[in-house]
Amino acid sequence: DLTAEVWYPATWYHNVRLGATISKKYEFYAGVDNLFDTKPPFLLTGTGAGSSIYDNVGRFFYAGFKLKFR
């Protein structure tokens with residue numbers, strides 16, 4: 001049997017999101033995914049073949065708001 005078992009270390013991603021409800025109709029939020037810009041394990045691209053469970057974008061910032069019309 002020439003198949004070798006491949007082992008990769010555990011990888012942790014930290015995400016943060018903050019939100020504020022201004023009133024019953026308005027809500028604002030902002031956050032960061034992959035706060036510490038953690039890379040996938042060596043030789044994994046995060047794009048497929050079992051490696052897609054790893055983030056390949058790097059640190060990602062976002063913000064938005066919700067508006068209720070009712």
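Predicted model: local features only at pLDDT ≥ 70, side-chain atom pairs only at ≥ 80, totals over all residues.
Local features require pLDDT of at least 70 and side-chain atom pairs pLDDT 80 or more, while totals for chains, interfaces and linings use all residues. Residues are numbered from 1 along each chain as its sequence is written, and side-chain values use heavy atoms, without hydrogens and water.

Three strands (DSSP E runs of at least two residues) form an open antiparallel sheet in the order S1-S2-S3. Strands S1 (16-21) and S3 are at the edges; each has a single partner, so one side of each lacks a neighbour in the sheet. Neighbouring strands are turned by 10 degrees against each other on average, direction ignored. Pairing requires at least two DSSP bridges between two strands. S1 and S2 are joined by six bridges. Leu 18 lies opposite Ala 30 in S2.

Two aromatic pairs were found in the whole structure. In one of them, the ring centres of Tyr 29 and Tyr 62 are 6.4 Å apart and the planes meet at 55 degrees, so the pair is tilted (centres within 6.5 Å; stacked under 30 degrees, edge-to-face over 60, tilted for the rest). Tyr 29 belongs to strand S2 and Tyr 62 to strand S3, 33 residues apart. Tyr 29 is buried at 18% relative accessible area, whereas Tyr 62 is partly exposed at 24% (buried under 20%, exposed over 50%, partly exposed in between; 1.4 Å probe, protein chains only). Ring pairs join Tyr 29, Phe 60 and Tyr 62 into a cluster.

Ile 22, Tyr 26, Phe 28, Phe 65, Leu 67 and Phe 69 make a nonpolar surface patch of about 750 Å² (residues with over 30% relative accessible area and no salt bridge, nonpolar side chains joined within 5 Å). S2 (26-33) and S3 (60-67) each supply at least two of its residues. Phe 65, in S3, is exposed at 63%.

Definitions and conventions
Patch = residues over 30% accessible without salt bridge, like charges linked within 9 Å, V, L, I, M, F, W, Y side chains within 5 Å. Areas by Shrake-Rupley, 256 points an atom, 1.4 Å probe, with all protein chains shown as cover. Salt bridge = Lys/Arg side-chain N within 4 Å of Asp/Glu carboxyl O. Helix = DSSP H or I, 4+ residues; strand = E, 2+ residues; numbered from the N terminus. Axes fitted to C-alpha atoms, helices over the stretch in contact; angles between N-to-C directions. Phe/Tyr/Trp six-rings, centres within 6.5 Å; stacked < 30°, edge-to-face > 60°.
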